[in-house]
Structure formats: structure tokens, C-alpha cells
Amino acid sequence: MTMGLSVASSSIPRQFIGEVPMRRPVDGEVRVHYGQLYVESGSKHMPDLDDAFAGQTSGLCGAAVPGFLWLVTGLHTGDVGFTVEIHEHAPELDPAWADVVEVSFRPRTSQTFLELWGGEGAWELNLAQIDYRVRYCAQGMDEGNALDTRVDQPQADRYLLQFWAAPPEPDRIVRQTSEIAAHWHRSARELPPPPTTAVRAGAEQRARAERKRADHERRREAERYEWGGRLPTDALRATPSALGLVRYDADLVHALDAAGPGVQRRVAAFAARSATTTAGLADLDWVAPALTALAQGRPLPSPFDDWDRMWRSLKADPNVPDRTIGEAEPPPMPHSPPAPGRRRGLEVETAVVSSAKSPPKPPRISQPHMALPAVFHAGRPNALEAAIAAVSAAVHTYGEDYPAFLREVWNVCSSLSEGKLPLKDPHGGPVPVQGSDESGTLPAPVVLEAVDGLLDTALIDGVTVRIPAHHAMAVGGVVQVEWVVDRSSTVQWDPIAQPETPMEFTFDMQHAYAAAYRGGVEIFYTLFRDEDTVIARSKTLSLSVR
């Protein structure tokens, strides 16, 4: 039950004599607005009233849209009595109900809710994904309609919504007594016929295609802005520090990407030497051999072959100078919104109303600590990563003086001719392409909407990730699912309630569109005994997405 809703939790269910056991997930009073509330299962968009009742002869419970029921009440605004019952078989009809209709309904997902207008509250009905017959009973609809808005008056109208398993049948009016119910029945019969299945499917497909196109265009424009006005190559996207350097010189990042491994290695070595020289480290007896190795295209010697050992060497050397530098502040991104108070014509006003306190002095950073990573990164196996990461470390080593360093990098790039440099990376063969991780011990997850390793966003409304049941699962444990697109992860988790039953996690279309934009997704899950103890990880499911 949602907070703030009036639902009787202490009422004792009244069952008909001889009736099989049933459940009452809702029993009490619920709030309505505009005389309506809904049953929803997997509907991505709220249907129109006409669509919900199209083709029906009855007008109190609209079931024309798959996975959705539109319920009409007599009262316009306020609390009405409302009960939901789930039966195993068709229940006996109580003669006390004045207006009764029946429709057919099938949930579209594993979750079905009774929902209030405007998303003010919802109740989980726990319906299976099977065909149901639904009976909607009403008492006092005319009285509720006459009252219109209930504040503290006695209850005017009440309703009963019953579900039981049954094959689909046309809707029908079982009993009609009130004038307002007769009005809604006439309105439903006057509606044009609903679109055919083929027409509906075509419209849904066109709508999905348009949503996908608009989403891709938004992502493309956002990525173009993020990368300094042009789209990155896949190689740049896979370079972790590239976006950070874009903030300082986007054109240089794209130029290094296009330069080839020969230029990239020379730039990486130049950045490492420049950073260590300006920090006073280049002549130290354990740093100089590493700079020579970079210049000659050889692997880095100790201690630069180990990240932790490198830092221990820095800490242990008494000859490391104590130099600090101010933080390297990147320029504002072009075409970005101006900062508050800096729009044209506001400079004077801003100066007048600014605080009398002087701004705090910017922090000073240890220059040797900024410079040392430039050497380590310059020896990376991938030449582009080496150049980008080494230049980025050198930028922070120069601090506020970084523009002068970047001008030197441009001069190096301009002076190097790719035709005079070896096309083969001197550090060895190509970096292996990352594939699916088969190191996990648990079985890979399953995506119900995928066919032969392909997830087609034009054919789905969302993504369902199923986690197979496993003997290692136990009540109290936790399953954490990761949806990974281009090194960016979305994480969901749920406690294990029924270890013998597969678990399902849903990801919306925005996640599917993001995967389609990158062409694929990797999905895996981790089993935890508690929030800190990992039991095992699954194999990774790799899908192509379009």
C-alpha cells in the first residue's frame, strides 16, 4: 500500500458460502479523481479514454488496450469503497450490486497494479500472466455522481473488482440500474471500432522507431558536445582518460587519435619527459632509465613496471624536490550556458553584490606526484592510451601553466611525419579485444526478448533479464545484476525470497536505446551472501542491440 492512502487493513474478508479460498489485495477506501482509476500491467503510456473502451458494449471497465483496465466511478473526487478479489473460479454474483459488467484481461508483465489517478498510489495485485475474466461491480453510482466531491460526508458509492482464470470472451453488461452507468454504456457503444491488430501493430512499430530515432539523435548530439564538437571514434571511446583531456584541448585529442601509433608513442615519451623535467624528477637515478626506455621504444624498467612500487620509490627518495603547482583549470566548454552572474551586462552588478570576503586561495598540489604517472602511462600497451594518459598527467603537472605545454605538444605533432615513423607499435602487437567473460561460475543470465543473440529495440517495450535458479542461492542472499554499455554500468539488486524460482529484473527502453546506440550490451550478475560477502559471479551474456 502507498503512504497516505486510506485502505482498511484490519477488515475481515467476507467470503461467500461454499466459495473456494480467495485473496483480497485491496479492501477499504481508495481516492479517485475525475471518476477514474486503473489496472496497469506493462503499459508504457496512458491510453486515451476512447481507446480504452473502443469496440465495447459496456462503459464501466475499459479493456480494449492490452494490459490495461480503465475503471469508472460515480464520484468525481474523493474516497470510494473499493475491494479487489482474486478467485480460482468464477464467484457467485451478489444480488446487492446494482451495476455489473464483465471483461477479459491478460497481464503483459509479471507485475500488475491497481493505480490511482496521477500516480498518487498503487497496489500490487500479484496476478499471473494468464487470461482472466474480470467482473466490475458498483453500488451507489448515482449517489456518488450527485455528491461529485466527497470531503467528510458518508461513503456514497463502493466497488468490487473480481478476477478469475478464464478464456477470453467479449465484454458484457450483466446488470444495469443507475443512470450514470447507462450514460457510460451509451458512450462506449457510440465510439468508433478499435483499430485492427495489424493497424495497431503498425502504429506501435512506427512509434517505437520514432522514439528510437529521437533517442539516438539526442545521444549523438550530447556525445558530440561532450567530445568538443565532433563524434569520437571507437578507439577514443575505449580510452579511459580521453574525455578528461577533451576538456583542455579537444582538437588535440582528436588529432592524436588520427595520428597513428608512431606519433602517439613519440608524444607519450615527450609528455613523460616534460612532466618529470618540470617537476625536477628527470635526472633521478631511478627515473632517467625509464625515460630512456620510452625514447627507445623499450618496456619500462623497475620501478615503473609496478604502480605501487613506483610510489614507494618516490616516497623513499630524499632527493625528490618539494615543488607544488596550482590546479589546471580547463577553459569553459564552447557553446555551454554562461555561469550565473557572468552574462553580458551583469559583470558590474556581480562585482557590486559579491561577498566582501576574499575567495579562498586555490589549493597547491605536489608536482612530483602529478608527474610520475606520466611515465607509467606512457608505457601502456595501447599507443593511443599511452599518449592520451601521459599528456593528461603532464597537463596536471604543469597546473595553471598547462597551455604552454599543450602548445609544445602541438609543435611535436606538427614536426613528426607519420611516413618517417614506424607504423608498427614498438611496444608489441595489438591490444586484445575484450570479449565475453567466461570466468564466472554461475550460469549466464537470459534476456527473454533476445533472439539468437540479438535484441531488436523495434520489437520490444522493455528488457527482462532472467536469473536462473541455482543451488548456491539461499533465502537472505542478494542478487546484483549489471547492465554494461561501453564501460558504463547500471546496477539493480534484489534479495532472494524463493531460491528455487528464477528471478527477473526489468530495464526500460532508455537502457535498451543506450545499448543500441553502442551496438551491444554485456549483462552479468553477482550472488552475495550478505551486502559484503560475494559467493560467486556469473558468466557474461553479450548481446548485439539494434
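Is Glu 102 buried or exposed? Glu 102 is buried, with a relative accessible area of 6%; here buried means under 20%, exposed over 50% and partly exposed in between, using a 1.4 Å probe and protein chains only.

Before we look around, a word on the model. This is a predicted model, in which local features need pLDDT of at least 70, side-chain atom pairs count only at pLDDT 80 or more, and totals for chains, interfaces and linings use all residues. Residues are numbered from 1 along each chain as its sequence is written, and side-chain values use heavy atoms, leaving out hydrogens and water.

**The sheet**

Six strands form an open sheet in the order S1-S5-S10-S9-S6-S11, with mixed pairing. Strands are DSSP runs of E with at least two residues, helices are runs of H or I with at least four, and both are numbered from the N terminus. Two strands pair if DSSP finds at least two bridges between them. At the edges are S1 (23-32) and S11 (172-175), each pairing on one side only. Strand S6 (residues 99-105) and S11 run antiparallel and are joined by three bridges. Within that pair, Val 101 stands opposite Ile 173.

**Salt bridges**

A salt bridge is a side-chain nitrogen of Lys or Arg within 4 Å of a carboxyl oxygen of Asp or Glu. By this rule there are 22 salt bridges. Here are some of them:

| Pair | N to O distance |
|---|---|
| Arg 135 and Glu 102 | 3.1 Å |
| Arg 106 and Asp 131 | 3.4 Å |
| Asp 461 and Arg 108 | 3.2 Å |

By contrast, Arg 106 is partly exposed at 43%, and Asp 131 is partly exposed at 27%. Arg 108 is also partly exposed, with a relative accessible area of 37%.

**The nonpolar cores**

A nonpolar core is a set of buried Ala, Val, Leu, Ile, Met, Phe, Trp, Tyr and Cys residues joined through side-chain atoms within 4.5 Å. The largest one has 55 residues, and Phe 304, Val 391, Val 395 and Phe 405 have the most contacts inside it. Helix H12 supplies the largest share of this core, ten residues. A second, separate core has 42 residues, including Leu 60 and Trp 123.
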